[in-house]
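Let's take a walk through this structure together, going from single strands up to whole chains. Keep the 3D view open as you read.

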Amino acid sequence: MTDLIQIKKINERVLEVSLNRPEKLNALTKPMWKKLGSIFKDLKKNKTLRCVVLRGKGGKSFSPGNDIGEFAKTRSNSKLAKEYGVHLHGTLAAIQECPIPTVALIEGLCVGGGLEIAACCDLRICGNSSRFGVPIKRLGLTMAPRELQALLQLVGRSVTMEILLEGRIFNSEEAYAKGIVNRVVPDHDVEKETYQTVERICDGAPLVARWHKQFADELLAKKKISNKLNNLGYKCYDTKDFQIGYKSFLTKTKPNFKNK
Amino acid sequence: MTDLIQIKKINERVLEVSLNRPEKLNALTKPMWKKLGSIFKDLKKNKTLRCVVLRGKGGKSFSPGNDIGEFAKTRSNSKLAKEYGVHLHGTLAAIQECPIPTVALIEGLCVGGGLEIAACCDLRICGNSSRFGVPIKRLGLTMAPRELQALLQLVGRSVTMEILLEGRIFNSEEAYAKGIVNRVVPDHDVEKETYQTVERICDGAPLVARWHKQFADELLAKKKISNKLNNLGYKCYDTKDFQIGYKSFLTKTKPNFKNK
Amino acid sequence: MTDLIQIKKINERVLEVSLNRPEKLNALTKPMWKKLGSIFKDLKKNKTLRCVVLRGKGGKSFSPGNDIGEFAKTRSNSKLAKEYGVHLHGTLAAIQECPIPTVALIEGLCVGGGLEIAACCDLRICGNSSRFGVPIKRLGLTMAPRELQALLQLVGRSVTMEILLEGRIFNSEEAYAKGIVNRVVPDHDVEKETYQTVERICDGAPLVARWHKQFADELLAKKKISNKLNNLGYKCYDTKDFQIGYKSFLTKTKPNFKNK
């Protein structure tokens, strides 16, 4: 049996995590949420990776969201839904809390739970023909507060309400205008553009990337900058990688960072 | 005497509330603020409506803001202004706190207090020739903090400062780029597009729409998700409307939600 | 020796503050940060100015950020960096806390610390060929939390992460779409457009402009509107300038505000 979530080491620096159920456009099931969550929980301890790419297998769809067919068994009342929700929310949290930069490579549909996963990544790059939306109102279901929070942080109240109340599916141009994706490229370039972006991320000092994520998340969680956070802002000056970066700048060479 | 705020039941699901002083482009007076507020306070108790449309009568203007002519009597010093402000702010709060989805149908001018009212709705749809702005600096007056808050939530600090410090009137294209409106359509299509949007909203499960509004507002008011809010996220699974939505999805029919 | 930060009184109402090291594209040094900070700290007490313009001398660059050449002496470890940081952060805070409206006039490069300074102004106007970015990851350095905070407030998490993780330099069109600048004009019009904007700001009641800044900042710092802030919202009605503005409105003349 093939893994419903596939992980592939692209090289020493980059891991690709794929939703792997292409025959169902990568519709998400409870085991997939669990597996995805456990992968990202493990990544928390990883000290060497510099970037994680999240994508859907098959080239036609990132994910259309949760597999509705599964609901009768796994999500047909609030008790079951809560059990399901614990995994779903835990997984979204694990993606958001991943200390390694994350990029969603979006081909085709990015809807419902698929959009939630993408919203929890640091960057989102999609193709021209990609489509977005959250048509959950048609099912009589809410997006849970924990899920809504990620969307709200990404696009604000006005766009969040438009997406949820109308439930429209919209195209990549509108997604870009709404701030959902960082970049739209021709469909055949999504993979290339994403991996060039990954390359740019990997070229940077890896501790710096992790610190920047940490700073942003702490600043969004609290209004005030703690002394501890403030001091963390100077740690980089004592790293080996700053010496490397600084010398490479003066000598106009490419820095070869050591992650320390 | 005609009502300065007109309410019209479009059908069992939709209420249209109109600023009705077209001979003055729907400039707002104290009695209008009071009436508008009392209508929206009543709507808080309404359990059956699925959408409220807010518009200006006459097709040429949503509203140019407060009627300055009235100021000598009603707003000429801080004491009077405070009394006026209580109504104005109470009305904005009542619109924001309306549990039913609200859509601003914007034709023509949407300026000052008019823009504040629109900013308190969930969605904003306007025509090509619509114009926006807050030229209050010319009057020597501030937008009160309670009013400024709605604008700040909609467009952030940078655009809010641009609008207030410059006091420019700008067109619909700029309003869209600034995130003030969700959609711009040709002038003759504003009504049609708005009511198609209303239809999409009404097609969804009504409790879900109300919950989504509640979730967003609680998430914006607090940083943390309370247990109570978290549990509310599973309530939908125990509704009749989820059963209806789920079956309609499997049978590929249109769900006929019952609001329970 | 010429001043590295030049101040020039344009007229009774407007002060222009220039980063003045055009031979280095206005790259920032520790003395420049200190001087810039002390100028803005002094401006806190100024009661008469109505607008401050911040720009870079030479017409080719706002600023490319900190002068890396200087780092060996002033910023080569966390202890030195902290000392440097106190000035840098104090200066950014002084610009943000300036009670007078501030406009960044951006020609050419606006990168790193240059972009941080611009982000702390109220408005940003740039030319077509301007370029933006924060390529600090290449140096092995983080943007400190205090600096990151200003960027985060301006453009949100998604764009902030894109800028910091990728470290790309991008053009004015992208900067506008990302919400970094309020307006892009042809290069030869940047000065003209900025000073027309300054004129519009100066035409408004000056106390009103200061109050609007204060309201926005307090609202962003706290979730709730205090009674004190609420009452401040009515102060304008007791000003002389409201009487002037009101009369000028009724007589359709241009108000000549007195700043009281």
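## What "buried" means here

A residue counts as buried if 20 or more other C-beta atoms lie within 10 Å of its own. Keep in mind, too, that this is a predicted model.

## A strand on the inside

With that cut-off in hand, have a look at strand β5 of chain A, residues 102–106. How many of its five residues are buried? Five of the five are, so β5(A) is largely enclosed by the rest of the structure.

Strand β3 of chain A (residues 51–56) runs parallel to β5(A), and four bridges link the pair. You can pick out L54(A), which sits opposite A104(A) in β5(A). Strand β7 of chain A (residues 123–127) is also parallel to β5(A) and is joined to it by four bridges. There, V103(A) has L123(A) of β7(A) as its bridge partner.

## The sheet, seen in chain C

Let's hop over to chain C and look at a whole sheet. Six strands make an open sheet there, in the order β1-β2-β3-β5-β7-β10, with mixed pairing. Which strands stand at the edges? They are β1 (5–9) and β10 (183–185) of chain C; each has a single partner strand, so one side of each is left without a neighbour in the sheet. From one strand to the next, the twist averages 20°.

Strand β2 of chain C (residues 14–19) and strand β3 of chain C (residues 51–56) pair in the parallel sense, with six bridges between them. Within that pair, V17(C) faces L54(C) in β3(C).

## Two domains in chain A

Back in chain A, you'll find a split into domain 1 (5–202) and domain 2 (204–250). The C-alpha centres of these two domains of chain A are 27 Å apart. Where they meet, domain 1 of chain A contributes five residues and domain 2 of chain A contributes five residues. On the domain 1 side of that contact in chain A, three residues are nonpolar, none are polar and two are charged.

## Where chains touch

Next, see how chain A meets chain B: 32 residues of chain A are in contact with 39 residues of chain B. On the chain A side, α3 (78–96) and α5 (145–166) each supply at least two residues. Which of chain A's elements gives the most? That's α5(A), with 13 residues. Sorted by class, this side of chain A has 14 nonpolar, nine polar and nine charged residues.

Chain C meets chain A as well, with 32 residues of chain C in contact with 39 residues of chain A. Here, too, α5(C) provides the largest share of the chain C side, 13 residues.

## How the copies are related

Finally, how do you get chain C onto chain A? A rotation of 120° with 0.0 Å of shift along its axis superposes chain C on chain A, with an RMSD of 0.0 Å. The two copies are thus related as by a three-fold rotation axis. In chain C, the C-alpha nearest that axis belongs to A177(C), 4.5 Å away from it.

Technical notes. Residues numbered from 1 in each chain as written. Chains lettered and ligands numbered in written order. Predicted model: local features only at pLDDT ≥ 70, side-chain atom pairs only at ≥ 80, totals over all residues. Least-squares fit on C-alpha atoms with pLDDT ≥ 70 in both. Contact = placed C-beta atoms within 7 Å. Nonpolar A, V, L, I, M, F, W, Y, C, P; charged D, E, K, R; others polar. Pairing = 2+ DSSP bridges. Axes fitted to C-alpha atoms, helices over the stretch in contact; angles between N-to-C directions. Domains from an automatic or database assignment. Buried ≥ 20, exposed ≤ 12 C-beta atoms within 10 Å, placed from the backbone.
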